[in-house]
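My entries follow in the order I made them.

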Amino acid sequence: MCIIDCGGGGDPDPSAPGIWVGGQVTPTLCGPQNPNGINDADEDGLSDFCENQLAYAFRPELRYSTVYDDTRGEPYWAARPDSAGHVVIGYLFSYYRDLGSLQYGCSPPGNDLKKDLGCHNGDSESVWLTVYFNSSTSHWLLHRTAYSAHDDWNDTSATSPGTYPLHVEYPGRLGGYPRVWIAEQKHANYFTQSDCTGAHKEPLPPLVVLTWDVCTDDVDSARFAFSDAWNIGSEVHPLINGVTSRDPSYEYYGGGRVECYWTDKPFRGWVPDTVGGGDAASYLSKLILWGFATTGVASCDPPPPPPPPPPPLSNSITVNAPYYAANPTGGYPAYTYLWEKCGIDCGQLVLAALGPQPNTVAHGWLYLSSSQQVYFASSGWYLRSTVTDAHGTQAQAQYYVP
């Protein structure tokens, strides 16, 4: 996979805001108007190449705590063009667990009074970025950022063309990929550390106000984990929908739980239903909100595993004189049949004969029939039966009719 500057020539404006993604990543070359055509596996009007390049270039930097949090998960992402010529990219964290707020602890999920405080299986947090191409600098810039925070969104946009959101931290270039502050244990996402600490207040009887988001110990950082194989595609053509855990080190790997992205199903972080406990909202609800889906896909059941291959094709001749029948086993039906015969003067030619050659005599073999499974033969001939299966594999059998 080519990452950044794939078009050659170097950054035409190194001091300008935003990210130079290469000369091949422009609105014209990324879309169906490309004179050479595009590869577009998810059929959304944005080339696979440009989806990968932009999603990789703008993947956010995450600030989090490894002391007070479980940030494990199996991330996925999606990208699409919008009607304004922008590209919208969704980063789907797909956490295994929400550990509950630091202050309140792990309360049983499902209590409406403490809706956002308790722990639960899975956490369907996400970050949505809208980026646009500045033709004067050939850079892609951040236009809008929306970070999930419980049932709400921290959302900010650029205020004029050629600019970028100001209330966002940029670890690299201004207007490039943003930083995300992740609330400890709850995974709500914020623009700055100060935005996070003390955010989200909830009254609890009898006259207590509890705040629960904290980013005080977010001292670890990493870019959003990325692979072009984790692109979930589009509603029209999902590349990924129903998936089991892909991480063999996860304690519930192989547990059978299927998580869905384009189907309305609560997200549990691949924790089996039999384990109990609550879960998180579906990712489909977020895909609908950010314009990636309308109603979703009805089912996310993974395709059944392919059947095991059949045994190798073999053939024999069943004798019921004067009738002789080809008897194929294995391989892939349906079969086609070819019979040949050779006079007794063939001698060792029977053993030396090459493949069947219809309507000709080859090494003494005479073509007889290409369609009959049963052949009527008089005495004094060598018979050869060739069976071909549906995959083109052949098997032969020979018999001397005394």
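**Entry 1**

I started with Asp389, which is buried but has no salt bridge. Buried means under 20% relative accessible area, exposed over 50%, and partly exposed in between (1.4 Å probe, protein chains only). A salt bridge is a side-chain nitrogen of Lys or Arg within 4 Å of a carboxyl oxygen of Asp or Glu. The nearest side chain of opposite charge to Asp389 is Arg384, 17 Å away. For charge, Lys and Arg count as positive and Asp and Glu as negative; His and the chain ends are not counted.

The model is predicted: local features need pLDDT of at least 70, side-chain atom pairs count only at pLDDT 80 or more, and totals for chains, interfaces and linings use all residues. Residues are numbered from 1 along each chain as its sequence is written, and side-chain values use heavy atoms, with hydrogens and water left out.

What does the side chain of Asp389 reach? I found the backbone nitrogen of Tyr332 at 3.1 Å. I also found the backbone nitrogen of His391 at 3.0 Å. I used the polar contact rule here: a pair of N or O atoms within 3.5 Å; within protein, one must be able to donate a hydrogen and the other to accept it, and residues adjacent in sequence count only if both atoms are side-chain atoms.

Asp389 sits in the loop between β20 (381-388) and β21 (394-401). Helices (H or I, at least four residues) and strands (E, at least two) are DSSP runs, numbered from the N terminus. Leaving aside neighbours within four places in sequence, I listed Leu313, Gly331, Tyr332, Ala334 and Tyr335 as contacts of Asp389. Contact means heavy atoms within 4.5 Å.

**Entry 2: cis peptide bonds**

One of those contacts of Asp389 is Ala334. The peptide bond from Pro333 to Ala334 is cis, with omega near 5°. Ala334 lies in the loop between β15 and β16 (336-343).

I noted a cis bond from Ala321 to Pro322 too, with omega near 5°. Pro322 is in the loop between β14 and β15.

**Entry 3: the sheet with that loop**

β14 and β15 form a hairpin with 2 residues between them. β14 pairs with β15 (residues 323-326) in the antiparallel sense over 4 bridges. Two strands pair if DSSP finds at least two bridges between them. Thr318 stands opposite Ala325 in β15.

I then traced the open sheet: 3 strands in the order β14-β15-β19, with antiparallel pairing. β14 (317-320) and β19 (374-376) are at the edges with a single partner strand each, so one side of each has no neighbour in the sheet. Neighbouring strands of this sheet are turned by 25° against each other on average, direction ignored.

**Entry 4: positive phi**

I looked up Gln185, where phi is near 75°, a positive value in a residue other than glycine. Gln185 is in the loop between β9 (179-182) and β10 (189-190). Gln185 counts as buried because its relative accessibility is 14%.

Trp270 is not a glycine either, yet phi is positive at about 65°. Trp270 lies in the loop between β13 (220-223) and α4 (283-289). Is Trp270 buried or exposed? Its relative accessibility is 1%, so Trp270 counts as buried.

**Entry 5: charged pairs**

I searched the whole structure and got 12 salt bridges. Arg173 and Asp11 form a salt bridge (3.4 Å, N to O). This pair links distant parts of the chain, 162 residues apart: Arg173 in the loop between β8 (152-157) and β9, Asp11 in the segment before α1 (27-30). Arg173 is partly exposed at 33% relative accessibility, and Asp11 is partly exposed at 23%.

Arg179 meets Glu169 in another salt bridge (2.9 Å, N to O). Arg179 is in strand β9 and Glu169 in the loop between β8 and β9, so the pair ties together parts 10 residues apart in sequence. Arg179 is buried at 16%, whereas Glu169 is partly exposed at 23%.

Asp273 pairs with Arg257, with the closest N and O atoms 2.8 Å apart. Asp273 is exposed at 55% relative accessibility; Arg257 is buried at 9%.

**Entry 6: whole chain**

The chain has 5 helices and 21 strands. Buried residues make up 48% of its 402 residues.

Technical notes: Axes are lines fitted to C-alpha atoms, for helices over the stretch in contact, and angles run from 0 to 180 degrees between N-to-C directions.
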